[in-house]
Amino acid sequence: MIELPRPDPAVLARRAPILAALAAIVPDSPRGAGVIGDPVRLRAYETDGLSAYRQPPLAVVLPETTAQVAALLRYCHREGIRIIPRGAGTSLSGGALPLEDGIVIGLMRMNRILEVDYADRLAVVQAGVTNLAITQAVAGEGFFYAPDPSSQLACMIGGNVMMNSGGAHCLKYGVTANNLLGVTFVTIEGEVLQLGGGHLDAAGYDWLGLVTGSEGQLGIVTEVTVRILRAAEGARAMLAAYPSNEVAGQVVDAIIASGIIPVALEFMDRPAIHACEAFAQAGYPLDAEALLIIEVEGNAEEQDILLDKLKDICGRFAPISLRVAETAEQSLAIWKGRKGAFGAVGRISPDYLCMDGTIPTGELPRVLRRMQEMSDAYGLKVANIFHAGDGNLHPLIMFDANDPESFRKAEAFGADILKLCVEVGGCLTGEHGVGVEKRDLMPVQFTAEELARQRAIKSAFDPQWLLNPAKVFPLAGNPVLERVA
Amino acid sequence: MSAALNAPLNAPGAEAPASEAELAGAVRDAFAARESLAVQGLGGRAASLRPVRAARPLSTRALTGITLYRPQELVLSARAGTTLPEIEAALAGHRQMIAAEPPDLAALFGVATPPTLGGLVAAGLSGPRRIGVGGALRDQVLGVRAVTGDGEVIRSGGRVHKNVTGLDLCKLLSGSHGTLAVLSEITLKLVPRPEASLTLALPVADVAAGVAALSAGLGSPYGVSGAALLPAGGEGFSGPTALLRLEDFFQFLGRRGDALRGVLAPWGEAARLEGADSLWCAVAEARPLAAAPEEAVWRLSLRPGRAAAAVAALRAAFPAKLLLDWGGGLVWVAGPASIAVHGAVMAAARAAGGTFTLFRAPDSLRMAVPVLPPEPAPLAAIGARVKAALDPAGLLNPGRMG
């Protein structure tokens, strides 16, 4: 279990008056109780998408307005109470893991779409609107919101901003940071600030850029202005399978060098192919070591032209299998296995850790080879799903949660993979965030000086370190938490 | 401390360290002596924002060279003083480019020096392709190395395309005009250069019609990568003219051009221009603005839907020269360099819910007025603490951003 700071006994002792004060700020509404203090109901908030770690909070509060969020932060700031912001709780890095003496501020009731402007190509939405709901709201006019994390049905835009979420189509459309225009941002003192707006370039420092991906360390975002894009006329996928990871890696390089930027370029290794095929019967070749799924956009004729070019490139590397979808249905069939990958691995192994490092794409064969050696040494299986175009790896480490030794090994295996990612020139996390999971690995990527500057910037926003503490930065060297302990 | 205004870079004692270690040493020395520094590349935009009052200049012009270029990974790293033409020449060999289309504004500033990578990133300058998703220069900064105001070398980001590890100082330092740290090396994400381009030119009645036509084009599925509105007389067009650029494989452009002309039909008949690269270069460099040397130049960033009202307000206040880019979201303005005119620009930006930058002006005006919109007090307080986190003695480009 990851180490959490010792709870502040003074805060624990004041639980009843704190709950009463929170309820005065966020009273019950037709949508339900404003504050949750009942230990049974708090269990629903004790973990997030990284369910290996659990800790019920002191209380959960569910504000419905920016003014309530501001009042909550003002109160917590005055009383020295720690805060854990939460969207849908789909974080895979434990970003929303509570603290025993902390208040979870859940934004799920702030789920209104405030404005859609097709001419200016933007939407203003509250933080608790789900990622997919934005696209659904504008799809009728042929528009969409581009970043599409796997959890897009559930995850909320406020959480996407805080984690700078990615998705399978980042290669062409970028990550959350590239698709934002502005946020309404509440400081720990309860000040409501507009960072950015409906315009492209803010004057002055890029506060919006700094806040995006800050994992709840700097403040709470209550409203978001996103760019919406006109959707392409159509999309179609192809599949290419190879007898080795090295060759598939060369194909990825050749595609990028050709000047085509596919809208998606996904890579699966042999264990992932087998897991997905057993689960989804997508027709993946089981004799392959590596499989690429490539998707292009355009009208039917343009899709044909691009897929022909890609078929030529893929064909030059002696594929075991090369299948181009002729129809939208065939595209879906090619994607079926990949989209069900997490469920597929879940069927082989009820428990797995989903890692998230990024590497320079040229290092892929070496990294996969080293990972296989680690897998043998730890005695734990690993399957790899990889956004090949941008180097973002998702190794799924399979373990048995009922066996503490197996979990300990899985954590160590995961840490070794991420260290390897940094060693070859990559980073600890491409899109899931540091959270609590990778917090103690930060010194692998950053020097003490670099961490000190990042901490100083956090302190500039949150001098008492009340906002989502115990995440992102190692506990050691954190003067505020050390003082409490 | 002797305060020099825009101390010339070739003045005796002007420092231009040739390595990052020397740069850090120079900043450490300045920190020890509490001497402020005017941080610059080749000094091409010294006439932008607030004049810096510093004890001495410090230039990154000798920190040059591409340190890493992996075309198959779409990644390039270069030292801060490397010039844009040098980088573009290297990229051309692999048919790649910087998606932001960063502009060379030497003509606008009346200088002969090319922009450096460090200068462009420090100023956060993007050209017409800014309108595309991820089109801002800061969106393409994958990693930075920089020297803090007390002389420590720090890094943020890296050389991979997807990276959310730690706070994103790449974004914070992009557009910070050398006031937080001195950029020493930058890693950029690249994109393939499109095989071909096609530009449509649509004569329009006024700004409102022009912006509406640009919005319709940008809201189409044909991949518009440039959307500007030239003033009458700009680049040889007799009346106001909306320009829309398509870039992709050559085979795609015929049909897309026809389809886009159809989208624009409610506003009139668009002409096809082949080989309009020089036209877009002119837009990036704000040449159609035709700003006279004694005039001030502002940039307004606003919602395109509010551009027409903002332009009307500007024209009511003074004889404004205009050029619109980014679908109407960027309004270049030139006009008399007076406090009254500056006040009108600030008011128009505020009324439109947008922002302004006093981009070029004589020192006297830049000393007298806010060069950027003032931040609300709570944000300014955070900003001062962030500045102190990276530049504890406040020595880097003092006053530059107001």
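This is a predicted model: local features need pLDDT of at least 70, side-chain atom pairs count only at pLDDT 80 or more; totals for chains, interfaces and linings use all residues.
**Entry 1: the A/B interface**

I started with the contact between the two chains: 88 residues of chain A touch 74 residues of chain B. Between chain A and chain B about 6,700 Å² is buried, and carbon and sulfur atoms give 59% of that. On the chain A side, I find that Asp201(A), Tyr205(A) and Arg453(A) lose the most area to chain B, together 12% of what that side buries.

**Entry 2: rings**

Tyr205(A) turned up again when I went through the aromatics: ring pairs link Tyr205(A) with Phe185(A), Trp207(A) and Phe461(A) into a cluster.

In chain B I looked at Phe249(B) and Phe252(B), an edge-to-face pair with 5.7 Å from centre to centre and 70° between the planes. I have both Phe249(B) and Phe252(B) down as buried.

**Entry 3: charges over rings**

I noted one case in each chain here. In chain A, the charged end of Lys458(A) sits over the ring of Trp465(A), 5.0 Å from the ring centre. In chain B, Arg34(B) lies over the face of Phe31(B), with 4.1 Å to the ring centre.

**Entry 4: a sheet in chain B**

Last, I traced an open sheet of 5 strands in chain B; its order is 5-6-10-8-9 and its pairing is antiparallel. Which strands are at the edges? They are strand 5 (66-70) and strand 9 (153-157) of chain B, each pairing on one side only. Neighbouring strands of this sheet are turned by 15° against each other on average, direction ignored.

I then followed strand 5 of chain B to its partner, strand 6 (residues 75-79) of chain B, and found 4 bridges in the antiparallel sense. Across this pairing, Leu68(B) stands opposite Ser77(B) of strand 6. Helix 2 (residues 84-92) of chain B packs on the sheet and touches strand 5 and strand 6. I have the direction of helix 2 at about 25° to that of strand 5 of chain B.

Conventions: Residues are numbered from 1 along each chain as its sequence is written. Chains are lettered from A and ligands numbered from 1 in the order in which they are written. Side-chain values use heavy atoms; hydrogens and water are left out. Two strands pair if DSSP finds at least two bridges between them. Helices (H or I, at least four residues) and strands (E, at least two) are DSSP runs, numbered from the N terminus. Axes are lines fitted to C-alpha atoms, for helices over the stretch in contact, and angles run from 0 to 180 degrees between N-to-C directions. Contact means heavy atoms within 4.5 Å. Rings of Phe, Tyr and Trp (its six-membered ring) pair if their centres lie within 6.5 Å; planes under 30 degrees apart count as stacked, over 60 as edge-to-face and the rest as tilted. Buried means under 20% relative accessible area, exposed over 50%, partly exposed in between (1.4 Å probe, protein chains only). A charge sits over a ring if NZ of Lys or CZ of Arg is within 6 Å of the ring centre and within 35 degrees of the ring normal. Buried area is the accessible area (1.4 Å probe) that two parts lose on being put together, summed over both.
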